[in-house]
Amino acid sequence: MSFSRYAFSIKPQEAILILITMFWGGTFLAVQYAVTLSDPFFFVGLRFATAALAVALLCLKTLPGLTMTELKAGVAIGVSIALGYSLQTWGLQTIPSSKSAFITAMYVPLVPLLQWLCLRRTPGLMSCIGIVLAFIGLILLAGPGDNLLALGPGEMITLVGAVAIAAEIILISAWAGKVDVKRVTVVQLATASLVAFMAMIPAGESVPPMVPGLWIVALGLGIFSAIIQVTMNWAQRSVSPTRATVIYTGEPVWAGIFGRLAGERLPLLALLGAAFIIAGVLVSELKLKRKKKALPQIDSATVD
């Protein structure tokens, strides 16, 4: 085997996913502020209700064409979104953010595993290596403590959230190209909102005071969530789940950059982790090219 010549070319869909991931990382500070004004499930429900309304207003003409396949796809993806966002936020109430970041990063190796188990799609060698590098980077970036393997209730909740995030990426790819992006996005956002609101009951949450700050954050993140989901559904028609996952691992890097602008300082170990993540993205772009075996030459003298 030999490495093919590497070209630093990125598909338009991949470039947009990278841009989305950059802004995605910047939402951390906004969410951190929002949970000081609201319990996690109510905020997630309000956020995605706003997102669903925003997308629905943009595609009123196409909504009547909703098919049963699109309904099933939207509900399945929406449940995964609600679980992923809600459980991660819930877990952050009882465990430190560094441990939460590491456990959530488990979705990186879980995507190719679920992809193989559910879709029978085996990722390529270089994609696997890229994911390993990115996963190591996330560990270093999170800076886990000495009691990393001590899984309490908060850790287990966050781990289930990581599985849900991996399932979301797989489900989007499974239905990509088979459904209308806008209609499915409305269904999945509405489902995520409904599931989060319903989870308030077993969680013992109540509706918080609707102060202006909560409305502003929910509206802003809701619109941005709508953009994220429409973009993911569109882009993953031509971007594999493995490639999309490696791109999404850039989220904590951007979160660290925005955190630094807000006054935080990344330690050296975290910067090393960021380098590993970038290396994972680049390595995943490399392709292994097999040398073709030379065909045996036929002696013309033996041919009649």
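Biologist: Ala196 is found in helix α8; is this residue buried or exposed?

Modeller: In this predicted model, helix α8 covers residues 181–203, where helices (H or I, at least four residues) and strands (E, at least two) are DSSP runs numbered from the N terminus. Buried means under 20% relative accessible area, exposed over 50% and partly exposed in between, with a 1.4 Å probe and protein chains only. Because its relative accessible area is 1%, Ala196 is buried.

Biologist: Which residues are in contact with Ala196, leaving aside its neighbours within four places in sequence?

Modeller: Residues are numbered from 1 along each chain as its sequence is written, and side-chain values use heavy atoms, leaving out hydrogens and water. Local features need pLDDT of at least 70 and side-chain atom pairs count only at pLDDT 80 or more, whereas totals for chains, interfaces and linings use all residues. Contact means heavy atoms within 4.5 Å, and, with those sequence neighbours set aside, the contacts of Ala196 are Phe41, Val44, Gly45, Ala82 and Ser86.

Biologist: How far apart in space are Ala196 and Ile81, C-alpha to C-alpha?

Modeller: The two residues are 115 residues apart in sequence. Across the protein chain, 93% of the contacts with a separation of 6 or more come from residues 24 or more positions apart. For Ala196 and Ile81, the distance from C-alpha to C-alpha is 9.5 Å.

Biologist: What kind of aromatic pair do Phe41 and Trp90 make?

Modeller: There are 4 aromatic pairs in the structure; rings of Phe, Tyr and Trp (its six-membered ring) pair if their centres lie within 6.5 Å, and planes under 30 degrees apart count as stacked, over 60 as edge-to-face and the rest as tilted. Phe41, in helix α2 (residues 40–58), and Trp90, in helix α3, are 49 residues apart, and the pair links these distant parts of the chain. Phe41 is buried at a relative accessible area of 6%, whereas Trp90, at 33%, is partly exposed. Since the ring centres are 5.4 Å apart and the planes lie at 65 degrees, the pair is edge-to-face.

Biologist: Which parts of the chain does the pair of Phe48 and Tyr85 tie together?

Modeller: The ring centres of Phe48 and Tyr85 are 5.2 Å apart with planes at 80 degrees, so this pair is edge-to-face. Phe48 is buried with a relative accessible area of 0%, and Tyr85 counts as buried at 14%. The parts tied together are 37 residues apart in sequence, because Phe48 lies in helix α2 and Tyr85 in helix α3.

Biologist: Which side chains meet in a salt bridge, and what is the distance from N to O?

Modeller: A salt bridge is a side-chain nitrogen of Lys or Arg within 4 Å of a carboxyl oxygen of Asp or Glu, and the structure holds 1. Its partners come from distant parts of the chain, Arg183 in helix α8 and Glu70 in helix α3, 113 residues apart. Arg183 is buried at 13% relative accessible area, and Glu70 counts as buried at 4%. The side chains that meet are those of Arg183 and Glu70, with an N to O distance of 2.7 Å.

Biologist: How many residues does the largest nonpolar core have?

Modeller: A nonpolar core is a set of buried Ala, Val, Leu, Ile, Met, Phe, Trp, Tyr and Cys residues joined through side-chain atoms within 4.5 Å. In the largest core, the residues with the most contacts inside it are Leu17, Trp24, Phe48, Tyr107, Leu189 and Tyr248. Apart from that core lies another of 12 residues, among them Val31, Phe43, Leu214 and Val217. The residue count of the largest nonpolar core is 48.

Biologist: Which residues of helix α5 are buried?

Modeller: Helix α5 takes in residues 107–119 and is followed by Arg120, whose phi is positive, near 60 degrees. Tyr107 is in contact with residues including Ala162, Ile165 and Tyr248, its neighbours within four places in sequence being left aside. The buried residues of helix α5 are Tyr107, Val108, Leu110, Val111, Pro112, Leu114 and Gln115.

Biologist: Which residues does Thr231 touch, not counting residues up to four places away in sequence?

Modeller: Thr231 has its place in helix α9 (residues 212–235). Its relative accessibility is 11%, and therefore Thr231 counts as buried. Beyond those sequence neighbours, Thr231 touches Ile16, Leu17 and Ile20.
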